Amino acid sequence: MATYTQTVSEVDADLRDLASSVVSRAMEAGATAAEAVVREGSEFSTAVRMGEVETLKESGSRAIGLRAFIGQRTASTYSSDFSEDGIQRLISGALDLARITSEDVYAGIPDADQLGSLPGDLKLYYDDVYSLPPEERIDYARRAERAALEADPRMKNSDGGTFDAAIGHKVLANSHGFVGEYRRSYCSVSAAPIAQDESGAMQRDYWFSLARTISKLESPESVGREAARRTLRRLGSRKIASTQVPIVLDPMVAGSLLDNIFDAVNGEAIYRQSSFLANKLGEKIAAGNITVVDDGTIPGGFGTEPFDGEGVPTRRTVVIENGVLKSYLLNTYTAKKLGLKTTGNASRGLAGTPGIGAGNFFLQKGDRTPQEIIGDIKQGLYIFQFLGFGVNMVTGDFSRGASGLWIENGELTFPVEEVTVAGNLKDMLNNISEIGNDLEFRGSLAAPTLRIDGMIIAGE
Amino acid sequence: MTQNQNLFFQKFGITPSDLQRYLGEALSAGGDYADLYFEYLTSTSISVDESIVKSASQGISAGCGVRVLAGERTGYAYTDDLAPEKILRAARTAALIARGPAKSPVEGFKENRAHHLYPVASPSADADIAAKLELVMRADRAARAYDPRIVQVRSGYFDELRQILVIGSDGTFASDVQPLARFSVSCIAKTPETSAKGAAGGGGRVGIDFFLTEKTPEYFAQDAARQAIIQLDAREAPAGEMEVVLGPGWPGILLHEAIGHGLEADFNRKGTSAFSGMVGRRVASDKCTVVDNGTLPSRRGSINVDDEGSPTQNTVLIENGILKGYLSDKLSARLMGVPDTGNGRRESYEHIPMPRMTNTYMLAGDDSPEDIIRSVKRGVYAVNFGGGQVDITNGKFVFSASEAYMIENGQVTAPLKNCTLIGNGPDALTKVSMVGSDLQLDEGVGTCGKDGQSVPVGVGIPTLKLDSMTVGGTAR
């Protein structure tokens, strides 16, 4: 195959200047405060299926978003049109819209003394993610899939192997004179094999490695073998009778529980009273062994940024300490609403007001191995997949589909599927009785193996 | 020439000979087919929170995606700059998927006969913003007036206008102007003891008039408030297998998850779906006939042409319980030797099209909804749902009830807390024993996600009885 052209940031026509000039033009046009974000990125994805190239995709894009204030009124616009006409329309559109919105005493960009950017190299950008020639990219994807398919004769089909990468450049500027920018890169390799048993029943699973530089990516072979292991253990899955037994969440599934905790401490949900953790600051809301931290400053982290979506430096915030709720996660607006200080968790898309985003959000590890945790249990369910979205953040009610392995006398036995696991998050957090020592970041959010007691499993 | 051919030809200066040149470049290394997807999207959103309009936003995005198909291989590149050199470069990038002598696109384009499913008089315009603002304020007032226990209300209006032009090397030439509007309301109800939430919304390929006349802000607001108030008294849902009655409309998400995804042709071409190789086999009781119909006027899931330029269709998926066929796009149709059902859809110019649903629903049966409920000794009556999810390969699916009640001795009794229903796609519909005469489609809020791409869809069912399904509650 011929060389694949690189569409890496050719626009460098100074995005800083563009962001700053949009802010000052918005101010000249009548804004009392303004904030602009410019994003530019490139991505490629390479997918192989049954050894053959299936998809090659490669492109770059850029866009600009503007948030303008007229007094306590605000509105936002975004565009991918960088022409003079497009920029003019972006600015006049935001101001026209802002005139019709309501006065909100809490609206505004951060105070000047809150703005800033973490110093030093946060190890977020490595241009090597784009360094491999096309044939080697394909080879990465192919090796991951092949390792999965060759792991066992029951590996019969595949949704393929992939090798993807992306780089992004972001500039944020506001009318206090803040201008910050950073670049980030990532690359990933994955395999999604399908296994089939004698009955013809099929099971699929998936595994991946994600890194900011190719040098930290796990080998395609190890990713493929792990994908195969996760797939094979599902063969022969069956339903079980409804029961109440301890459950053990594997780290990926425990991570989705951490997602729920993040949603529950999100400042927007708190001030709207739409979280079961609203008004609980300082109270014990989880078992005494639970400590949850958000840290946007970890070098190389997938949730690391030098500043948040409003230009506030990121930081380390202890959210839950030994079971006590210590802090919500806040941006400027939600902090003002709650009479608190921003925690540097503003997340800014191109459009709309900033929301709340996590940095590196994790549950601190314990000291027992997953094997020890499973070994304690006479009868229980080890869960490696949750299905669906049955979580009510207002009440904490939790009911999700689950797949996993039955635990009998401390051993993992037959695979289980088509059951649900239900309870309430308030109880679940208090009933986490064991925490594994296997904390590992495979994204911006991570949790170790967890044991939870008291949940209801619905099946036959 | 339609309005949006004008847009791309006049605003961006694209000419028919440019299009031939781009396609020629895309096929410069061979390949079976190439297409260009031009998109210009404008959107507006305005929302009210705590009884004030905290923010409003507008956006514009435009771009072109170039795709080249060679056997089972797809090359894809896109640009958000419609300058000729940028489109040519995207075409050259996509072309590298093939490795052979250059091919030529067919000379001359033929425009497909398209439907006219959404005759909106004045789709989204800046002048409408005050009217949209009034709509969201009306919803806020109506929800708060419903009951003093409603303590928080959020309401939002979102609309977009998507203009597309699809050009294929087989002579395909299709354009469409696709309006889409959605209204949403969510409420929190609170008592000293407990809290609950309710949500409602709707819309379609409609203009603002729809919300002034057919489905008003008060209609959605009162429904959201009603659900929140009911949930204050909800008791624990039961756990285990039992009879389940699904109410008409949005509970049709059952079809979307249980069978719809499993019948998308890409999974079946690759043999990775639990439904692979099952055409002609029984997958539902003989009372079940299920279609995917992209041609319903003004519906959220409807489109005049799909994102490959093919006219949408009404496709029978299951007829009297027998699986009839799959939902296909151009690639699957060619590789499987089946007709293209006009289901090739994509989220935007940045995305590769693939088989997707439009409006998926079950045709009405003969049973009265009252008889269906009366026939149940102990079961669950689920009338509203949150999201759902399916594992395509093993067929297991879930969907989560946000409004459900116990049925005891043929009577609807207590409201239940949120619970997930779980089943197995290839046999869930074999347990349908009664099909109501009251087919309804949903209100128009559904968004389907697949491989990271979101597209608007619709669902619908009449009242249905399933003799057995697992209900994921906590009451033993």
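1. Let's start where the two chains meet. Chain B puts 68 residues into the contact, and chain A puts in 62. On the side of chain B that touches chain A, strand β2 (residues 52–70) of chain B gives the most, with 12 residues. Sorted by class, that side of chain B has 25 nonpolar, 29 polar and 14 charged residues. Keep in mind as you read that this is a predicted model.

2. Look at strand β2 (residues 52–70) of chain A and strand β3 (residues 73–79) of chain B: the two run parallel and are joined by 3 bridges.

3. Now for chain A by itself. Its domain assignment lists domain 1 (15–230), domain 2 (236–256 + 365–458) and domain 3 (260–363). Taken over C-alpha atoms, the centres of domain 1 of chain A and domain 2 of chain A are 31 Å apart.

4. There's a helix pair to find in chain A too. Helix α1 (residues 15–28) of chain A and helix α2 (residues 84–100) of chain A have axes that come within 10 Å and cross at roughly 45 degrees. The crossing of α1(A) past α2(A) is right-handed.

5. Which residues make that helix contact? From α1(A) come A:Val22, A:Arg25 and A:Ala26, and they meet A:Ile87, A:Ile91, A:Ala94 and A:Leu95 of α2(A). By class, the contact of α1(A) with α2(A) has 6 nonpolar residues, 1 charged and no polar ones.

How values were computed:
Residues are numbered from 1 along each chain as its sequence is written. Chains are lettered from A and ligands numbered from 1 in the order in which they are written. This is a predicted model: local features need pLDDT of at least 70, side-chain atom pairs count only at pLDDT 80 or more; totals for chains, interfaces and linings use all residues. Axes are lines fitted to C-alpha atoms, for helices over the stretch in contact, and angles run from 0 to 180 degrees between N-to-C directions. Helices (H or I, at least four residues) and strands (E, at least two) are DSSP runs, numbered from the N terminus. A crossing is left-handed if the near helix is turned anticlockwise from the far one by less than a right angle, and right-handed if clockwise. Two residues are in contact if their C-beta atoms, placed from the backbone, lie within 7 Å. Ala, Val, Leu, Ile, Met, Phe, Trp, Tyr, Cys and Pro count as nonpolar, Asp, Glu, Lys and Arg as charged, and the others, Gly among them, as polar. Domain bounds come from an automatic or database domain assignment. Two strands pair if DSSP finds at least two bridges between them.
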